[in-house]
Amino acid sequence: MTVVSVHGLGKSFAGIAAADGMDFDVENGEIFGLVGPDGAGKTTVMRMLAGVMRPDRGSIVIDGIDVLADPEAAKQHLSYMPQRFGLYEDLTVDENIRFYADLFEVSRKLRAERTGPLLAASNMEPFRARLAGQLSGGMKQKLGLICALIHTPRILLLDEPTTGVDPVSRRDFWRILYGLREQGVTILISTAYLDEAERCTRLALLHHGRQRYCDTPERLKAMMPGTLVSFTSRQARAVRDALEGQPGVLGLLLYGDGVRALLDDAAKRVPGLMARLASAGLDSEPPRPAEPGIEDLFVALLKDEES
Amino acid sequence: MRPLRLKAIAVKEALQILRDPISLVIALLMPFMQMILLGYGINLDVRNLPTCVFDREASQDSQALLKHFQASPYFRIVETPSTYRDVIRALDGGACRLAIVIPPDFSQRIADSGGSAVQALTDASDDNTANIAIGYAQAVVGAYAAEATAGAAARAGLSTGPLQPVAVQSRVWFNEDLESRNFIIPGVVALVMALVGAQLASLTVSREWERGTMELLVSTPVTPMELMLGKLAPYFLVGLLDAAFCLCFAVFWFKVPFRGDLLVLFLTTSLFLVVVLGIGYLISVAIRSQLGASQIGLLVTMLPTVLLSGMAFPIDQMPKAVQLVCTFVPARYYIAILKAVFLKGSGLLELWRPVAALLAYAAVIGFFAARAFKKRLE
């Protein structure tokens with residue numbers, strides 16, 4: 001069942017399109033990722049979905065409700081977590097939860113039933129009486145999520161929820177998201193972290209305000225032209241510079257222990273590249289095939305588009 | 001309008017007031033400071049006016065006249081120069097505001113022609129005080145003259161018939177002691193209400209923008225009406241609390257008479273609070289920084305309330321054009337009500353005009369305030 005349906009969505013600021021040509025459908029129970037670098041238009045799309053910003057063109061239908069025609073009705077079905085911490089720092093954890101529960105008219109009884117498990121799942125139980133302003137970044141995000149979930153929304157919109165969050169809290173956060181997915185909550189998440197993108201069921205890749213590709217991570221990787229190989233070297237930077245612009249090299253990405261190169265035909269190109277490195281005085285093992293990540297994919301696909 | 005959402009906003013806002021030092025200072029300390037500063041600071045009474053006397057005759061008669069000046073509570077003789085030059089220096093230097101000069105032939109002239117003049121020089125750089133000083137000086141000299149005439153008549157063995165065929169018998173109403181404080185303090189109450197109401201309300205929406213809490217708030221189903229009423233409800237209570245404090249302070253500390261009905265005061269104060277909170281809320285919606293909003297709030301409440309509301313300067317003495325401007329200052333109606341309720345004990349019937357004006361203001365501002373906020377980010 002399609003829960004979120006976006007068609008031809010666009011928004012411009014002072015004549016410049018912050019988002020354009022957004023087209024995707026999200027099925028019930030998906031974790032759908034909006035992936036792209038800063039300035040790709042992720043936040044603009046999220047705000048339009050949340051009904052807090054009016055699109056210039058296109059349509060959004062959430063749970064059968066036309067968001068442009070009746071944003072207030074759609075707000076009953078969804079929860080939105082903005083990128084910037086939106087809770088009250090001068091209110092305690094409990095007071096913030098209560099505030100959002102009351103705004104969604106959750107009864108006192110239901111609030112009490114839901115608060116306990118949510119606090120337990122996020123290891124926030126000991127901090128109920130602490131002011132939100134005195135929580136760490138990760139705990140703030142978890143509190144944001146608890147407040148977003150207190151009215152059991154059908155759809156959750158998360159705008160870069162894990163930016164600046166420590167790894168432990170990030171793991172907690174994703175564990176909660178998987179749990180929600182099992183309960184049938186549909187999640188739209190934006191992220192600039194490509195390792196997180198791989199955890200999504202489907203992705204839309206955003207670049208310069210436009211939607212480029214939209215598919216499952218696996219199928220997106222399969223779209224990648226050529227093959228990915230990994231050169232292991234202590235002089236990674238020099239290796240990259242030596243390989244730059246060589247025939248058959250579609251893309252290069254620097255890693256801590258070497259360089260990943262995207263080649264149009266690995267069997268044909270590797271001997272020539274090894275010779276190039278040897279002549280530059282750089283020692284390197286023969287490259288091994290590498291499993292592409294979303295980051296490699298992103299670089300490859302965008303490079304492909306530019307040429 | 002959903003009661004639970006309204007309550008959520010009101011409770012949240014109340015907690016924020018209690019935890020915000022700036023709001024607390026505005027709500028609790030400002031009324032106290034205003035009452036003290038303005039209650040003591042603005043005093044239009046002329047008493048103990050520094051005076052110098054230049055007695056060029058130094059006779060029994062001239063000394064008798066000066067005794068009258070010494071006995072008057074309005075004058076305080078600070079200097080007795082012996083040359084005109086010293087008199088001028090005293091006036092120029094501000095050592096005295098009034099100089100009395102008695103001519104060298106004072107007694108002689110009274111004896112010869114039955115009348116003499118006394119010179120009063122006054123520093124009219126403050127014209128109001130100068131006017132009052134001259135009036136008082138005339139009264140003192142008049143009292144002396146009446147006494148002298150009566151004395152002369154008695155010595156001549158004449159019956160003291162009616163010396164003045166017509167005399168004004170004045171009785172002062174409402175502010176019997178002619179204390180300017182009784183006239184000022186009710187106005188200060190209005191100023192406190194206006195300042196506290198508009199200042200606090202001007203912070204309430206801009207705070208959400210500034211702290212980044214607005215984006216989440218507008219993504220919830222809360223309606224603009226619930227937001228406005230919920231946010232202003234705690235400030236309304238703070239305003240009433242401050243009004244009660246000001247009333248007690250005025251009555252028990254400054255001893256301003258309160259002759260009216262507490263209910264009338266409560267009703268009209270509530271009405272005025274609706275007006276100033278509405279103004280503050282409109283400013284807060286329009287301006288997204290707390291500092292900017294509170295500055296504008298101060299400007300649109302403080303200046304008109306001090307200058308154009310009849311708090312200290314009577315409106316009917318102003319030029320016609322300024323009087324027209326005053327019509328648009330809501331505080332003037334509330335101040336008229338306050339003065340009448342405090343000093344005259346007026347009820348709602350006598351006050352129907354200013355009450356109707358405040359009602360109209362509350363309706364108009366409420367109308368615009370309810371529509372001002374849009375649940376959008378742009």
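In the predicted model, about 2800 Å² of area is buried between chain A and chain B, and carbon and sulfur atoms contribute 56% of this area. The interface brings 29 residues of chain A into contact with 27 residues of chain B.

Charged and polar pairing across the interface was examined next. Six salt bridges are counted between chain A and chain B. In one salt bridge, A:Glu105 is paired with B:Arg2, and the closest N and O atoms of the two residues are 2.9 Å apart. Polar contacts link 14 residue pairs across the interface of chain A and chain B, with both residues of each pair at pLDDT 80 or more. On the side of chain A that touches chain B, at least two residues are supplied by each of helix 2 (71-75) and helix 3 (93-103) of chain A. The most is given by helix 3 of chain A, which provides six residues to this side. By residue class, the side of chain A that touches chain B comprises 14 nonpolar, four polar and eleven charged residues.

Two polar contacts of its side chain reach residues of chain A: one is made with the side chain of A:Arg47 at 2.7 Å, and another with the side chain of A:Tyr80 at 2.4 Å. When residues up to four places away in sequence are not counted, B:Glu215 touches A:Arg47, A:Val52, A:Tyr80 and A:Pro82 in chain A, together with B:Leu377 in chain B.

The domain organisation of each chain was also considered. Chain A is divided into domain 1, covering residues 2-221, and domain 2, covering residues 225-291. The centres of domain 1 and domain 2 of chain A, taken over C-alpha atoms, are separated by 39 Å. In chain B, domain 1 is assigned to two segments, 3-43 and 179-370, whereas domain 2 is assigned to residues 49-155. A distance of 48 Å lies between the C-alpha centres of domain 1 of chain B and domain 2 of chain B.

Terms used:
Residues numbered from 1 in each chain as written. Chains lettered and ligands numbered in written order. Predicted model: local features only at pLDDT ≥ 70, side-chain atom pairs only at ≥ 80, totals over all residues. Heavy atoms only, no water. Polar contact = N/O pair within 3.5 Å; in protein donor to acceptor, adjacent residues only side chain to side chain. Contact = heavy atoms within 4.5 Å. Domains from an automatic or database assignment. Buried area = accessible area lost by both parts, 1.4 Å probe. Salt bridge = Lys/Arg side-chain N within 4 Å of Asp/Glu carboxyl O. Helix = DSSP H or I, 4+ residues; strand = E, 2+ residues; numbered from the N terminus. Nonpolar A, V, L, I, M, F, W, Y, C, P; charged D, E, K, R; others polar.
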